[in-house]
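Subject: Structure handover: salt bridges

Hello,

Here is the structure for you to look through. Please open it first, then read my notes below.

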Amino acid sequence: MNILAIGDIVSPAAIDYLEEHLWAFRKTKQIDFVIANAENASTGNGLLPDDAQRILYAGADLLTGGNHIFRKHALYAMLEQDHRIIRPANLPARMPGCGYTLANIDGYKVLVINVLGRVFMDPAECPFDAIDAILSREEGNYDFAALDIHAESTSEKIALARYFDGRIAMIFGTHTHVATADEQILPNGSGYITDLGFSGVQDSILGVKSDIIINRYRTHLPARFDFAAGTVLIHGALFDIVPDTGRCQAIERVRF
């Protein structure tokens, strides 16, 4: 079973590109399911309901979030009602939405979890405890699990991956917008990569117009982060999962 994880979608231009190319890429690679981090897809950061629907229609099956997922108040109702979009699980339960969901892929049930890191990030509850609680609560209800770790610290992501190795089939990091080259099968069978990178305009600084970011670093003055324009590149990783064993047998970085 081939599952594609797409790195942080940045800007409506990236949504346009996915609408044109994702279904064809799915067909070429024989992809069964797509998980995409979409917390930065809309203008001004965050995610609007219309943009979420566009990404889903474009070929994504499930959307994950991060520290910007609550920026757009218009999304709150969708977070409550549509289980195809989840937000970090280690945030207060009273916040809109849920931190995990159960999806069906060709008769198999996959448990997809989203958490925030705590190093260099806004306050959040312990991601280790949050994931442990979900795995315990849903024991017996799923065939294999997937995890999006939205975090800044590479060591924190690796620590989570090592801790859950063998219990979660595919583990991938998001948030830094810079792809890492450490895709691997961990000793107990989990597929892992520290960061997928971002999906958006590459002639930029993490998706934002370069001159804005450079000027901010040089002057320390606040500035509006406007998305860059230009050629879009989608970053992600393709996981080959054996659903009967809950193990990953191959992982491949992808760009298109």
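Asp61 is partly exposed, with a relative accessible area of 24%. Keep in mind that this is a predicted model. My notes are about its salt bridges; the count comes to 10. Three of these pairs are described here.

Start with Asp61. Its side chain meets that of Arg26 in a salt bridge, at 2.9 Å from N to O.

Next, look inside helix H2. Arg54 and Asp51 both lie there, 3 residues apart, about one turn of the helix. They form a salt bridge, with the closest N and O atoms 3.8 Å apart. Asp51 is buried at 10% relative accessibility. Arg54 is partly exposed at 23%. Both residues also belong to a network of salt bridges, in which they are linked with Asp16 and Glu19.

Then turn to Asp132 and Arg167. Their salt bridge has its closest N and O atoms 2.9 Å apart. This pair, too, links distant parts of the chain. Asp132 is in helix H4 (residues 127–137). Arg167 is in the loop between helix H5 (154–163) and strand S8 (170–174). Asp132 counts as partly exposed at 23% relative accessibility. Arg167 counts as partly exposed at 38%.

Best wishes

Terms used: Residues numbered from 1 in each chain as written. Predicted model: local features only at pLDDT ≥ 70, side-chain atom pairs only at ≥ 80, totals over all residues. Heavy atoms only, no water. Salt bridge = Lys/Arg side-chain N within 4 Å of Asp/Glu carboxyl O. Buried < 20%, exposed > 50% of the residue type's maximum accessible area, 1.4 Å probe, protein only. Helix = DSSP H or I, 4+ residues; strand = E, 2+ residues; numbered from the N terminus.
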